Amino acid sequence: MQRLIAVGLLLCAQSLSAATEETGPQPVDESLKLLEERPVEGMVGGNLSGLAWCNGALWGVSDRDDQQLYRLQEHEGIWKAEAEPFVAPPAPDVGLPWGMRTSAKLAGLARGGELDFEGITCDNAGNRYLVSESTLSVLHLPPAADPQWLELPAEMIRQARASGMLLQFNSLFEGIAVDPAGARLYLAAERKRRGVLVLHKQQKNWRCVESCVLFSEGGGVRGPEQLGSTQDEPKDFSDLSFYDGKLFTLERQTYEICRRSTADGQAERCWSFADEALTESRRYSPTHGMAEALWVDEKGAWIGVDNGNYTRADGESRPVIWRFAAPAEGWSSAP
């Protein structure tokens with residue numbers, strides 16, 4: 001009897017593990033068309049890490065700037081960054097281990113940007129939200145009030161870490177998205193394991209409904225053939241966007257945008273931007289994925305490139321924003 005029980009428990013564990021790792025049917029992959037490319041000028045810290053279309057304008061955030069975000073204005077073939085300063089109150093303590101807190105502090109002192117803002121999003125009411133990787137927190141910038149950190153439920157971090165996410169320094173929150181009503185907030189865990197968390201706003205409080213973990217997965221993936229990759233790299237996310245009832249993830253290693261279900265986070269379809277991003281003139285050395293920022297709308301997608309202080313083959317040394325056209329059949333097309 002004990003042996004039968006042990007076998008049953010083992011089968012159960014294998015089933016749960018398979019469900020967590022399951023990626024569903026292989027998504028259809030097709031190439032997106034590049035409409036325009038513009039460098040960004042005027043970001044003090046550089047390192048473009050997030051994009052969002054808010055209040056009729058494109059906004060950017062840098063993971064090297066703790067006290068400003070940027071309104072981006074088209075100007076003679078470039079995006080001119082105009083800083084909007086803010087003062088963030090002290091970040092909350094979410095219970096990160098001492099080693100991770102210390103590593104984040106030292107990294108911030110060395111490179112700038114202790115809060116390490118990795119994404120920006122906004123809702124229809126004009127509220128803007130910045131996600132801090134180093135503190136695992138979200139800064140709320142309301143239209144007519146001082147910035148405040150959201151009071152996120154403590155079980156969110158516990159559940160994420162129990163699922164294998166948020167366990168390694170510099171592999172924490174990398175993207176943020178909110179639905180237009182400002183009622184659901186999504187956070188992307190970057191890698192080793194990657195995944196998506198979801199919070200629901202109930203009155204004025206953010207809560208986990210059943211579970212905060214929408215999904216998580218580990219494993220590796222090979223880069224696009226243009227890179228000539230010979231080994232797998234950890235699967236990762238570098239940003240999130242919410243459009244038309246779906247989540248869209250920026251998949252840095254594979255140079256793809258993937259549409260994902262808000263019910264379970266599984267990929268429904270992916271579109272590649274590798275053909276345009278990896279032309280000879282746009283290559284960096286060393287070659288690695290640097291697409292860090294994503295915003296999806298009806299007409300297409302904005303992708304921001306963090307050049308990491310590297311210069312491209314054509315001599316461009318500033319962050320770059322690409323505008324891709326939406327697929328001919330739209331973002332909501334079936335696989």
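Modeller: A strand, as the word is used here, is a DSSP run of E with at least two residues, and strands are numbered from the N terminus. In this predicted model, aspartate 65 lies in the loop between two such runs, strand S4 (57-62) and strand S5 (68-75).

Biologist: Why does aspartate 65 count as buried?

Modeller: Buried means under 20% relative accessible area. Aspartate 65 has 7% relative accessibility, and therefore it counts as buried.

Biologist: What does aspartate 65 touch, leaving aside residues up to four places away in sequence?

Modeller: Contact requires heavy atoms within 4.5 Å. Aspartate 65 touches Val44, Gly45, Tyr70, Gly113 and Phe117. Phenylalanine 117 is 52 residues from aspartate 65 along the chain, and their C-alpha atoms are 7.6 Å apart.

Biologist: What makes the pairing of the side chains of aspartate 65 and tyrosine 70 a polar contact?

Modeller: The term calls for a pair of N or O atoms within 3.5 Å, one able to donate a hydrogen and the other to accept it. The side chains of aspartate 65 and tyrosine 70 make such a contact at 2.4 Å.

Biologist: Is glutamate 316 buried or exposed?

Modeller: The cut-off for buried is under 20%. At 14% relative accessibility, glutamate 316 is therefore buried. Glutamate 316 is placed in the loop between strand S23 (300-305) and strand S24 (320-325). The side chain of glutamate 316 makes a polar contact of 2.8 Å with the side chain of arginine 318. Beyond residues up to four places away in sequence, glutamate 316 touches Pro39, Tyr310 and Thr311.

Biologist: Why can strand S7 (residues 117-122) be described as largely enclosed by the rest of the structure?

Modeller: The description follows from the count: 6 of the 6 residues of S7 are buried, so the strand is largely enclosed.

Biologist: What makes S7 and strand S8 (residues 128-132) paired strands?

Modeller: Two strands pair if DSSP finds at least two bridges between them. S7 and S8 are joined by 5 bridges and run antiparallel, with glycine 119 opposite valine 131 in S8. The hairpin of S7 and S8 has 5 residues between the strands, and glycine 126 there takes a positive phi near 90 degrees.

Biologist: What are the edge strands of the open sheet of 5 strands?

Modeller: The order is S1-S21-S20-S19-S18, with mixed pairing. Strand S1 (29-31) and strand S18 (239-243) are the edge strands, each pairing on one side only. The twist averages 25 degrees from one strand to the next. S18 is joined to strand S19 (residues 246-251) by 5 bridges in an antiparallel arrangement, and phenylalanine 242 stands opposite leucine 247 in S19.

Biologist: Why do the buried residues of H2 line one face of the helix?

Modeller: The buried residues are Met100, Ala104, Ala107 and Gly108. Seen down the axis of H2, they fall within an arc of 100 degrees, so they line one face. An α-helix has 3.6 residues a turn, so residues three or four places apart point the same way. The face of H2 turned away from the buried side carries the exposed residues Trp98, Leu106, Leu109 and Ala110. Helix H3 (154-162) is among what covers the buried residues of H2. Glycine 112, which follows H2, has a positive phi near 90 degrees.

Terms used. Residues are numbered from 1 along each chain as its sequence is written. This is a predicted model: local features need pLDDT of at least 70, side-chain atom pairs count only at pLDDT 80 or more; totals for chains, interfaces and linings use all residues. Side-chain values use heavy atoms; hydrogens and water are left out. Helices (H or I, at least four residues) and strands (E, at least two) are DSSP runs, numbered from the N terminus. Axes are lines fitted to C-alpha atoms, for helices over the stretch in contact, and angles run from 0 to 180 degrees between N-to-C directions. Buried means under 20% relative accessible area, exposed over 50%, partly exposed in between (1.4 Å probe, protein chains only). The arc is that of the directions from the helix axis to the C-beta atoms.
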